[in-house]
Amino acid sequence: KKTFTEVQTERLEQAERTVLIKCPPKLNEKKLLQYLSSHGNINSHFFFENRGIHALIEFSEKDSIASLQGAVGVPSAAEHVVPFKSRLFTFMLKNPVSQAAEETPVHLAPQCHIPVKELIQKLCHADSISSQMYILLNEYQLTEENTKLRFLACSLVRDFARAYFPDSMVKPFGSSVNTFGKLGCDVDMFLDFHDIQKHATEMKKGPFEMEYQMKRLPSERLATQKILSVIGDCLDNFGPGCVSVQKILNARCPLVKFSHQPTGFQCDLSVSNSIAIKSSELLYIYGCLDSRVRALVFSVRCWARIHGLTNSVPGTWITNFSLTMMVMFFLQKRSPPIIPTLNQLKELADEGDKHVIGGYDCSFVSDLSKIKPTKNTETLDVLLGDFFEYFGNFDFRRNSINLRKGKEVNKPESSPLYIWNPFEQDLNISKNVNQPQLEKFVAMARESAWILQKEDKTQRVINKEPWGLAALLIPFGKSNPSKMKNRMKGIGSETIRSLLDSLKLNNASNLQKAVGK
């Protein structure tokens with residue numbers, strides 16, 4: 001397996017040699033490729049649907065793009081245009097009527113996952129829960145084509161940034177690159193100036209020193225805000241297909257949100273977030289170590305979304321990142337462990353892996369071949385049931401989740417759910433989660449463990465009812481409300497007791513409000 005950095009570098013370089021072409025509804029694929037090949041050899045291509053048919057074309061050489069741009073005209077429409085020449089083109093037929101007879105439909109690469117109803121039908125035909133989980137993974141994970149499109153979106157934004165900062169890079173982070181991204185997820189990208197700083201250190205050889213004259217500002221945050229403000233304005237005013245641009249500059253991490261219509265992605269652009277990159281790399285390593293890791297994460301996240309435990313809108317519910325970290329912690333706790341702790345990965349790090357960011361030690365091994373494979377042979381059938389059992393009975397009132405050590409430790413403060421940030425060790429990544437949401441998670445985990453334990457495998461074929469993972473992906477109470485009521489009886493008093501503990505309510509009116517909620 002390649003290292004995280006090798007994969008990113010390779011994909012960013014691919015994206016630099018790539019163009020995106022809007023095509024007519026019907027088209028002769030062979031003739032289009034023949035025409036484009038006159039500008040250089042084509043490495044790969046695919047078509048997809050997004051407000052019309054588009055083709056992503058990756059050339060072998062970057063020079064081919066300059067050659068193609070030299071042969072492309074400016075829109076001849078009456079309205080005025082912003083004369084920014086990007087790598088987005090529109091391909092048209094000169095004689096649509098006579099040429100239409102030769103056109104045939106092209107194969108379209110899917111850019112979104114199948115609906116849950118279709119997924120459940122597919123899962124019912126599997127022969128085990130493990131198979132069901134791999135089917136879900138295959139349907140939901142990012143495809144090769146979708147990943148190329150994500151890196152192209154970053155590369156197109158980089159073209160704007162380079163007008164001001166020629167050495168800058170725009171790189172994706174988070175779910176687009178950590179192996180846990182789902183088809184349809186947003187693209188988190190950041191503007192990186194680190195290559196500029198590296199270049200500066202190389203220049204300090206010899207008896208003299210020279211440095212650039214640069215505008216000085218009182219804080220790094222202010223510099224970030226100014227840079228993002230200008231890039232946001234550029235995208236808004238000049239970026240083909242960049243719409244709904246929002247500059248959110250006063251957030252803890254300032255960012256620009258926008259919709260990139262040519263690729264169909266919702267994008268969030270921020271400035272160098274080194275710790276977020278290390279988190280992406282850590283998850284990439286865990287995702288590559290064992291195929292069960294990603295299969296379990298995708299199943300648990302799909303389950304959580306269907307039961308309203310997670311939400312795409314920020315709020316008091318568990319985030320996908322927190323949920324993923326809970327799965328990682330559970331896999332560290334198996335006997336023998338399926339994945340190593342962060343401290344164990346740190347012990348394997350060599351000099352090149354040493355990173356201290358903002359005073360936090362973010363060192364861990366990057367070479368996957370140095371990590372010994374696990375001796376654990378448990379099936380996903382066992383792991384899924386045990387995950388729900390483990391967290392359905394976890395002592396959240398007393399314990400916190402620590403991936404660095406791979407064990408429960410006493411909570412440093414009274415947040416209902418406490419998951420240590422793997423790198424910024426004084427932060428709780430689940431601080432947003434309130435007590436009712438945690439209680440809901442526990443109740444759903446217990447219910448799911450109960451369903452998996454009580455399942456009669458002989459009834460699967462006879463009843464043709466959803467079973468295994470499929471049974472967990474139907475909102476509880478819809479299939480059999482009376483069963484659900486009986487199993488939920490014991491949870492009410494516990495909910496109120498833990499509410500009292502965590503909220504430390506002092507008087508009756510507050511108590512009534514809390515129970516009402």
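User: Where does R51 lie?

Analyst: R51 sits in the loop between β2 (42–49) and β3 (53–59). Strands here are DSSP runs of E with at least two residues, helices are runs of H or I with at least four, and both are numbered from the N terminus. Before we go on: this is a predicted model, where local features need pLDDT of at least 70, side-chain atom pairs count only at pLDDT 80 or more, and totals for chains, interfaces and linings use all residues. Residues are numbered from 1 along each chain as its sequence is written, and side-chain values use heavy atoms, with hydrogens and water left out.

User: What makes R51 count as exposed?

Analyst: Its relative accessibility is 60%. Exposed means over 50% relative accessible area, buried means under 20%, and partly exposed is in between (1.4 Å probe, protein chains only). So R51 passes the exposed cut-off. R51 also has a positive phi of about 55° although it is not a glycine.

User: Why is Q111 called buried?

Analyst: Because its relative accessibility is 16%, and buried is under 20%. Q111 is in the loop between α4 (96–100) and α5 (116–124).

User: How do you know that the side chains of Q111 and N146 make a polar contact?

Analyst: They come 2.7 Å apart. A polar contact is a pair of N or O atoms within 3.5 Å; within protein, one must be able to donate a hydrogen and the other to accept it, and residues adjacent in sequence count only if both atoms are side-chain atoms.

User: Which strands are called edge strands in the five-stranded sheet?

Analyst: The sheet is open, with the order β5-β6-β9-β8-β7 and mixed pairing. Its edge strands are β5 (169–173) and β7 (242–248), each pairing on one side only.

User: How do you know that β6 and β9 pair?

Analyst: Five bridges join β6 (residues 187–192) to β9 (residues 265–271), and the two run parallel. Two strands pair if DSSP finds at least two bridges between them, so five is enough. Within this pairing, L191 stands opposite V271 in β9.

User: What makes F165 and F193 an edge-to-face aromatic pair?

Analyst: The structure holds 21 aromatic pairs. In this one, F165 and F193 are 5.2 Å apart centre to centre, with 75° between the planes. Rings of Phe, Tyr and Trp (its six-membered ring) pair if their centres lie within 6.5 Å; planes under 30 degrees apart are stacked, over 60 edge-to-face and the rest tilted. F165 is in the loop between α7 and β5, while F193 is in the loop between β6 and α8 (194–202), so the pair ties together parts that are 28 residues apart in sequence.

User: Why is the span of α15 called close to the expected one?

Analyst: Helix α15 (residues 435–454) has 20 residues and reaches 29 Å from its first C-alpha to its last, against 28 Å expected. The expected span is 1.5 Å times one less than the number of residues. α15 is mostly covered too, with 14 of its 20 residues buried.
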